[in-house]
Amino acid sequence: MYPRLVARARQAAAHGFAAATIELPGSGDRPRLAGAEQAGADLRRALEAGEPVSDEIIDALVLPLVDKAVPEWQAALDVLLSLPEIGGPVGYSGE
């Protein structure tokens, strides 16, 4: 997704917006989230079998990510908005 994110950031900057990106917890070089690999395997297994994806699988994938990502985004926005060249309002775009 990296090229798509870069294109989105460049487009935002071309329209006068400041752009920043944060690698999501558990992705890239960041430490993996506990249980995420198992939840991913469970998701793939359900999809390959043509079965519905349970709420438990979705929760196991999404909730740990949200628990870690939201405070990081809040801290990043606080730092960015403290810079004199950046003012509000702000927006968020994610994958």
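This is a short tour of a predicted model, stop by stop.

**Stop 1: helix 2.** Select residues 36–48, which form helix 2. The helix holds 13 residues. From its first C-alpha to its last it reaches 18 Å, close to the 18 Å expected at 1.5 Å a residue.

Now colour A39, G40 and A46. These residues of helix 2 are buried. They lie on the same side of helix 2, because they cover an arc of only 125° around the axis. What covers them? Helix 3 is included in the cover over the buried residues of helix 2.

Turn to the face pointing away from that buried side. Here helix 2 carries the exposed residues E37 and E48.

**Stop 2: G50.** Step just past the end of helix 2 to G50. Its phi is positive, at about 70°.

**Stop 3: L24.** Go back to the loop between helix 1 (2–14) and helix 2, and pick L24. Is L24 buried or partly exposed? Its relative accessible area is 30%, so L24 is partly exposed; the buried class needs under 20%. Leaving aside residues up to four places away in sequence, show what L24 touches: R30, L65 and A69. L24 and P89 are 65 residues apart in sequence, and their C-alpha atoms are 23 Å apart in space.

**Stop 4: helix 3.** Select residues 55–82, the span of helix 3, and find V70 within it. V70 counts as partly exposed because its relative accessibility is 40%. Together with V70, they make a nonpolar surface patch of about 360 Å².

How values were computed:
Residues numbered from 1 in each chain as written. Predicted model: local features only at pLDDT ≥ 70, side-chain atom pairs only at ≥ 80, totals over all residues. Heavy atoms only, no water. Patch = residues over 30% accessible without salt bridge, like charges linked within 9 Å, V, L, I, M, F, W, Y side chains within 5 Å. Areas by Shrake-Rupley, 256 points an atom, 1.4 Å probe, with all protein chains shown as cover. Salt bridge = Lys/Arg side-chain N within 4 Å of Asp/Glu carboxyl O. Helix = DSSP H or I, 4+ residues; strand = E, 2+ residues; numbered from the N terminus. Buried < 20%, exposed > 50% of the residue type's maximum accessible area, 1.4 Å probe, protein only. Expected span 1.5 Å × (residues − 1). Arc of directions from axis to C-beta. Contact = heavy atoms within 4.5 Å.
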